[in-house]
Amino acid sequence: MSVFSSASAASAFALGPKALVAYLAFLSAFVPLSTDLYLPALPGMGQFFQVSADLTNLTLSCFMLIYSLSMLAWGPLSDKYGRRPILLAGLGIYIAASIASALCGSVYQLIAGRSFQALGSGAISAVSLTVVKDAFRGRSMENVLTLIQTMMVLAPMLAPVIGGLLLAVTSWRGIFWALTLCGAAALGLSPALRETLTSPTPGSALGSLNRVAVVLRHARFRSLLVIFSLSNMPFMAYLAASAYVFEDIFGVSPQAYSYFFAVNAGVSMLGPILYARFLRELPRRIYIAGNFLLSAAAGALILLIGDAGPFAFAALYLPITFCGSAIRPAATMLMMNQMDTDTGTVASLIGSIGLLCGSFAMFLCSLPWGSFITATGAISMVVSLICLAGWLRFSRGGEPQA
């Protein structure tokens with residue numbers, strides 16, 4: 001029997017359950033592709049438009065802000081109108097925005113195009129996670145979440161490399177044409193996806209948006225949402241500060257930094273893989289608590305000896321990265337299964353709040369800590385201890401059931 005076998009999945013996609021999983025994994029990669037594929041082109045875009053780096057960087061920061069907020073609308077709307085209409089709307093907006101970005105004549109037009117691209121991406125992400133809950137149950141659902149988590153780590157690893165290869169044969173506009181093709185491919189496969197919503201939310205469209213507040217009143221879901229959204233912060237702090245730590249503090253070359261980054265990203269991908277093969281058999285309460293404890297200990301060691309050299313800092317951050325990714329499939333499954341209704345709203349809150357917490361960690365790194373090493377170590381230690389305390393309180397009644 002396939003690890004992705006499910007009667008609901010078999011009826012949800014005309015090409016079969018395995019094809020559905022591949023399609024959902026592809027949809028989950030849209031955001032990392034949209035943010036990271038064009039990173040190598042940012043300097044060239046600034047030169048082309050003759051604007052500062054701060055202005056070109058708005059194409060990235062505006063994308064992340066609008067993407068995270070838009071999911072809070074798309075998720076509830078998918079609970080009312082269905083997964084397919086929201087996915088089709090999101091893909092349509094994404095394709096049109098990608099074309100507009102490729103054809104733009106000023107950096108302000110590009111910022112606008114990227115903003116609409118983020119709007120479409122929010123719908124795509126909200127639906128992809130929602131369909132997982134609609135179509136899979138139990139171990140099959142956990143397997144799919146693990147695969148999607150792996151894809152979300154692999155995509156940002158490969159995207160800058162692919163972007164660099166594209167820039168060797170085309171300009172930055174070609175990258176947006178490539179994203180247009182990705183959107184068109186997803187749209188071309190969308191007829192195979194059948195509607196998976198069985199009980200639409202009653203009432204008006206505006207009323208469906210109020211479901212966010214209804215879901216947040218669910219105490220157990222709210223507790224898990226806070227705990228596991230905060231757990232994104234240590235890794236996001238690494239993303240924000242690692243280049244400055246390795247290149248400015250330790251004096252390594254940009255190429256050498258890329259090797260350190262690749263090793264860290266590889267460990268992040270290893271987390272969900274080992275979880276699927278071995279670690280999920282451990283008692284969930286002990287497993288998650290152990291990950292938070294290990295992450296806090298590594299953060300404390302970074303504060304103590306993280307400045308000993310690039311290899312010491314890199315080695316101490318590996319357990320933080322591993323723990324953050326290894327708990328993600330179990331965490332997502334726990335959160336998704338706290339409620340039997342409002343699946344789209346639940347999925348949108350998981351994505352949106354997690355990203356906002358990660359963005360807050362990036363902001364914290366910009367404060368005057370005295371050293372980025374101190375910033376990352378303190379954030380990792382303190383946040384992990386907060387998550388550990390929250391998890392122990394949540395699970396004190398016994399083994400949490402997914």
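1. Cysteines first. A disulfide here is a pair of cysteine sulfur atoms within 2.5 Å. A search of the whole structure turns up zero of them. The sulfur of C365 has its closest cysteine sulfur in C357, 14 Å away, so that is too far for a bond. C387 also has C357 as its closest partner, with 8.8 Å between the sulfurs, again too far for a bond. Buried means under 20% relative accessible area, exposed over 50%, and partly exposed in between (1.4 Å probe, protein chains only). By that scale C365 is buried at 3%, and C387 is buried at 1%.

2. Ground rules for the rest. This is a predicted model, where local features need pLDDT of at least 70 and side-chain atom pairs count only at pLDDT 80 or more, while totals for chains, interfaces and linings use all residues. Residues are numbered from 1 along each chain as its sequence is written, and side-chain values use heavy atoms, with hydrogens and water left out.

3. The core. A nonpolar core is a set of buried Ala, Val, Leu, Ile, Met, Phe, Trp, Tyr and Cys residues joined through side-chain atoms within 4.5 Å. The largest one has 106 residues, and the members that touch the most others are L20, F228, F246, F292, F313 and W391. Helix 7 (residues 107-135) contributes the most to this core, with eleven residues. Helices, for the record, are DSSP runs of H or I with at least four residues, numbered from the N terminus.

4. Aromatics. Rings of Phe, Tyr and Trp (its six-membered ring) pair if their centres lie within 6.5 Å; planes under 30 degrees apart are stacked, over 60 edge-to-face, and the rest tilted. The structure has 25 such pairs. In one of them, F235 with Y238, the centres are 6.5 Å apart and the planes at 20°, so the pair is stacked. Why are F235 and Y238 separated by about one helical turn? Because they are three residues apart in helix 13 (residues 233-249). F235 is partly exposed at 26% relative accessibility, whereas Y238 is buried at 1%.

5. F313 and Y317 have ring centres 5.6 Å apart and planes at 50°, so they count as tilted. Both sit in helix 16 (residues 310-326), four residues apart, about one turn of the helix. F313 is buried at 0% relative accessibility, and Y317 is buried with 0% as well. Ring pairs also join F235, Y238, F246, F250, Y257, F260, F261, F311, F313 and Y317 into a cluster.

6. A charge over a ring. The criterion is NZ of Lys or CZ of Arg within 6 Å of the ring centre and within 35 degrees of the ring normal. K80 meets it, its charged end sitting over the ring of Y81 at 5.4 Å from the centre.

7. Helix 6. Helix 6 (residues 83-103) has 21 residues and reaches 30 Å from first C-alpha to last, close to the 30 Å expected at 1.5 Å a residue. The expected span is 1.5 Å times one less than the number of residues. Its buried residues include R83, G90, Y94 and S101. What covers the buried residues of helix 6? Among the elements are helix 2, helix 3 (30-36), helix 5 (53-81), helix 7, helix 9 and helix 18 (343-365). Contact means heavy atoms within 4.5 Å.

8. Two of those neighbours. Helix 2 (residues 17-28) has twelve residues and spans 16 Å, close to the 16 Å expected; L20, Y23 and L24 are among its buried residues. Helix 9 has 18 residues and reaches 27 Å, close to the 26 Å expected, with W172, F176 and T180 among the buried ones.

9. Two buried serines. S190 lies in the loop between helix 9 (172-189) and helix 10 (205-209), and is buried at 4% relative accessibility. S190 and L87 are 103 residues apart in sequence, yet 8.3 Å apart in space, C-alpha to C-alpha. Leaving out residues up to four places away in sequence, S190 touches Y23, R84 and L88. S115, in helix 7, is buried at 15% and, with the same exclusion, touches C62 and I66.
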